[in-house]
Amino acid sequence: MAGQPPLVVDLDGTLTPTDTLVESLIGVVKRSPLDLLQLPFRLLNGRADFKDWVAARAGVSAGSLPYREPLLAYLRGEKQKGRRIVLATAAHRSIAEGVSAHLGLFDAVIATQAGRNLKGEAKLEAIRKEIGGDFAYAGDSAADAPIWRAAKAAVLVGVPRGVADSIRKDVPVEREFAAEQGGLGAWLRAFRVHQWMKNLLLFVPLLTAFSFLDVWKLVTTVIAFFAFSFAASASYVLNDLWDLENDRAHPRKRLRPFASGRIPIVQGLVASGAALVVALALASAVSKGFLLMLLLYLALTSAYTWLLKERALIDVLTLSLLYTLRIIAGSVAIGIPASSWLLAFSAFIFLSLALVKRCAELVSLEQSGQKEAPGRDYRVGDLAVLWPLGVGAALSAVVVFGLFISAEETRGRYATPELLWLVALGLVYWLARLWIKTSRGRMDDDPLVYAIEDSGSLMAVSFMIAVTLVAHFF
């Protein structure tokens with residue numbers, strides 16, 4: 001391209017909003033957790049050898065990385081005009097070459113390799129050695145300032161305002177690309193605050209014991225609710241970071257804040273740690289027994305994230321157990337034992353809801369033309385087994401509820417227990433509605449969240465609660 005110097009493009013934070021070294025470290029831990037113990041010692045050999053060691057154990061798939069599409073479109077346009085495009089990065093050469101091969105944009109690759117880490121001045125020196133001093137540079141942060149000032153022109157990609165103002169004074173700016181801001185909305189999505197609604201299950205023992213007018217028990221349950229919610233958010237963030245590559249292959253999950261690169265991975269780790277500290281502090285304020293329940297919940301969610309979610313049926317059994325555990329935790333928080341009827345009912349209904357969740361994912365994959373769930377031992381053909389299993393579990397929950405209506409202890413606690421048969425009919429309608437919505441591909445990834453947002457489900461649940469209260473008091 002006549003009159004235009006070669007355009008040198010940074011990788012981490014510029015071409016892709018993510019950090020490939022951090023993603024590689026996550027890959028190392030996933031493949032061999034014990035390698036985590038070696039990391040401090042490997043750093044003693046220098047950053048270049050450290051990156052070489054990490055890359056040898058866990059490469060990053062260039063095809064799964066998120067890219068800044070506006071920048072890519074600009075680079076493709078420049079490439080078509082005949083301009084030379086060079087990728088220059090402190091990332092390991094194996095990653096850089098994978099990105100170059102995947103995008104097919106770059107005429108040369110300058111990257112870290114054994115014995116030489118291309119950061120700061122070392123990167124500038126490598127650029128000058130490869131293409132001379134006549135170049136334009138695309139970067140994203142203050143660390144790129146020395147290279148911009150040595151360049152003929154600057155391309156600013158998501159650069160902080162203060163840094164951008166400084167660069168504009170020293171170097172002609174060729175193009176600017178705004179940052180894809182994470183913002184409060186992205187953080188709420190990362191913490192999955194809407195999923196906190198699942199922790200309303202902690203109020204079930206309070207409601208079934210008709211103790212909701214006891215202020216102490218109500219306040220205690222509210223504190224327990226927030227303890228579980230912050231703990232859940234901490235585990236959600238870690239789960240998303242653990243499952244980055246699989247999420248990016250999913251039609252909906254690829255838009256999650258970490259999978260899309262809208263929130264940096266390191267910030268996610270810090271936020272997860274802070275949420276966990278808050279959760280443990282709140283749980284300790286409730287009681288020692290409740291704290292143990294929260295720790296058990298965290299242990300199960302960790303086992304699910306690291307191991308169990310990849311095993312067919314075991315994953316849905318674990319999910320149903322995590323739902324039931326919330327009810328038991330609510331019981332422990334206020335010191336009211338959960339009845340065997342409630343636990344039996346919970347086991348079946350939550351198994352059905354966990355199967356709704358899995359079937360909803362498979363229906364979504366089927367609609368997008370995929371055959372297998374990334375990172376899970378499920379295939380679209382498994383729907384033939386999962387449908388009847390889920391509906392059977394739902395009907396089993398209704399049967400348990402029917403037996404509960406006929407039990408002697410029920411007649412002692414309810415003024416008009418016969419009215420509870422209306423609740424049984426409401427259960428049949430509600431659960432059947434969830435399964436029909438699932439078959440039509442209109443189910444959210446989490447059925448409990450969908451039920452709270454769906455007007456039909458809200459009316460059904462409200463009806464069942466109202467009838468239960470009338471049956472108890474009248």
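Predicted model: local features only at pLDDT ≥ 70, side-chain atom pairs only at ≥ 80, totals over all residues.
## How the helices and strands pack

The angle here is about 50°, and the two axes lie 9 Å apart. Helix α1 covers residues 20–31, while helix α3 covers residues 47–57. As α1 passes α3, the crossing is left-handed.

Which residues of α1 and α3 meet? On the α1 side they are L21, S24, L25, V28 and R31. On the α3 side you will find R47, F50, K51, V54 and R57. Sorted by class, this contact holds five nonpolar residues, one polar residue and four charged ones.

Let's follow α3 to the sheet. Helix α3 lies across strands β2 (85–92) and β3, and runs at about 90° to β2. Both strands belong to an open sheet of six strands, in the order β3-β2-β1-β4-β5-β6. The pairing in this sheet is parallel. In general, strands of a sheet pair through backbone hydrogen bonds, either parallel or antiparallel. Which strands form the edges of this sheet? They are β3 (108–112) and β6 (173–177), each of which pairs on one side only. From one strand to the next, the twist averages 15°.

| Helix pair | Residues | Angle | Axes apart |
|---|---|---|---|
| α1 and α3 | 20–31 and 47–57 | about 50° | 9 Å |
| α15 and α16 | 314–334 and 340–367 | about 135° | 8 Å |
| α17 and α19 | 383–406 and 420–439 | about 170° | 10 Å |

Take α15 and α16 to begin with. With their angle of about 135°, these helices are therefore oblique to each other. Helix α15 passes α16 in a right-handed crossing. Their contact includes L317, Y323 and I327 of α15, together with L343, F350 and L351 of α16. By class, the residues of this contact divide into 13 nonpolar, three polar and three charged.

Are α17 and α19 roughly parallel or roughly antiparallel? Angles over 145 degrees count as roughly antiparallel, and α17 and α19 pack at about 170°. They are therefore roughly antiparallel to each other. Among the residues making their contact are W387, V391, F401 and F404 of α17, as well as W421, L427, L431 and W435 of α19. This contact has 16 nonpolar and five polar residues, and no charged ones.

A search of the whole structure finds 17 aromatic pairs. In one of them, F404 and Y414 sit edge-to-face, with 6.4 Å centre to centre and 85° between the planes. F404 lies in helix α17 and Y414 in the loop between α18 (408–413) and α19, so this pair ties together parts that are ten residues apart in sequence.

Technical notes
Residues numbered from 1 in each chain as written. Heavy atoms only, no water. Axes fitted to C-alpha atoms, helices over the stretch in contact; angles between N-to-C directions. Helix = DSSP H or I, 4+ residues; strand = E, 2+ residues; numbered from the N terminus. Left-handed = near helix turned anticlockwise from the far one by under 90°. Contact = heavy atoms within 4.5 Å. Nonpolar A, V, L, I, M, F, W, Y, C, P; charged D, E, K, R; others polar. Pairing = 2+ DSSP bridges. Parallel < 35°, antiparallel > 145°, perpendicular 65-115°, else oblique. Phe/Tyr/Trp six-rings, centres within 6.5 Å; stacked < 30°, edge-to-face > 60°.
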